[in-house]
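Here is a short tour of one chain, written for someone who likes cut-offs spelled out. Have the viewer open as you read.

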Amino acid sequence: MNPKRVLSLALFMASAIAIAAQPINRQVIIAQADSLLALPPVSVMQKTKLPRSGDKHDYYSQARYCWPDTTKPDGLPYIHRDGVTNPEIYSLDRPVLSTMANRVSALSQAWALTRDDRYSQ
């Protein structure tokens with residue numbers, strides 16, 4: 001086996017072990033989860049722009065660097081502007097998806113520590 005590959009794998013494993021060995025702050029995890037229980041759920045219905053289907057229930061995402069073509073009356077097709085984020089993405093479902101994923105992670109951690117069903121509802 002390639003010595004550089006062996007070293008690379010050894011460093012990777014050492015860092016993974018170091019991360020796993022970090023102490024779990026049980027109180028912080030549970031406090032965060034408790035604060036999330038009081039919040040209303042997030043929904044794709046919170047978006048301000050309709051997807052092409054016309055159904056607000058449908059998930060709506062768009063490429064980060066795509067912008068309406070200002071030379072066309074309807075802005076279509078969108079054009080690519082490398083490295084420039086179209087702020088429209090923040091009015092679609094991206095923030096809702098991110099919020100939901102973060103909440104699921106926090107609540108799952110609290111459930112794993114406590115087995116309290118409030119965190120899994």
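## A buried charged pair

K47 and D93 are both buried, where buried means under 20% relative accessible area, exposed means over 50%, and partly exposed lies in between (1.4 Å probe, protein chains only). Their side chains meet in a salt bridge, with N to O at 2.9 Å; the term stands for a side-chain nitrogen of Lys or Arg within 4 Å of a carboxyl oxygen of Asp or Glu. This pair ties together distant parts of the chain, as K47 sits in the loop between α2 and β1 and D93 in the loop between β2 and α3, 46 residues apart. Helices (H or I, at least four residues) and strands (E, at least two) are DSSP runs, numbered from the N terminus.

How buried is K47 in terms of relative accessible area? The value for K47 is 2%. The K47 side chain also reaches the backbone oxygen of D58 at 3.0 Å. Not counting residues up to four places away in sequence, K47 touches K56, D58, Y60, S91, L92 and D93, with contact meaning heavy atoms within 4.5 Å.

## Model and conventions

This is a predicted model, in which local features need pLDDT of at least 70 and side-chain atom pairs count only at pLDDT 80 or more, while totals for chains, interfaces and linings use all residues. Residues are numbered from 1 along each chain as its sequence is written, and side-chain values use heavy atoms, with hydrogens and water left out.

## Other salt bridges

How many salt bridges does the structure hold? There are five. One of them joins K49 and E88, whose closest N and O atoms are 3.1 Å apart. This link also spans distant parts of the chain, from K49 in the loop between α2 and β1 to E88 in the loop between β2 and α3, 39 residues apart. K49 is partly exposed at 26% relative accessible area, and E88 is partly exposed at 22%.

K72 and D69 form another salt bridge, at 3.3 Å from N to O. K72 counts as partly exposed because its relative accessible area is 36%, whereas D69 has 11% and therefore counts as buried. D69 lies in the loop between β1 and β2 (79-80); leaving aside neighbours within four places in sequence, D69 is in contact with G75, P77, Y78 and I79. Elsewhere, D34, D116 and R118 are linked in a network of salt bridges.

## The nonpolar core

Eight residues make up the largest nonpolar core: I29, I30, A33, L36, A106, L107, A110 and Y119.

## A nonpolar surface patch

Which residues form a nonpolar patch on the surface? They are Y59, L97, M100 and V104, with about 350 Å² of accessible area together. Patch members have over 30% relative accessible area and no salt bridge; like charges are joined within 9 Å, and nonpolar side chains (Val, Leu, Ile, Met, Phe, Trp, Tyr) within 5 Å. Accessible areas come from the Shrake-Rupley method with a 1.4 Å probe, and for residues only the protein chains shown count as cover. M100 belongs to helix α3 (residues 94-114) and is partly exposed, with 37% relative accessibility.

Technical notes:
Core = buried A, V, L, I, M, F, W, Y, C linked by side-chain atoms within 4.5 Å. Polar contact = N/O pair within 3.5 Å; in protein donor to acceptor, adjacent residues only side chain to side chain.
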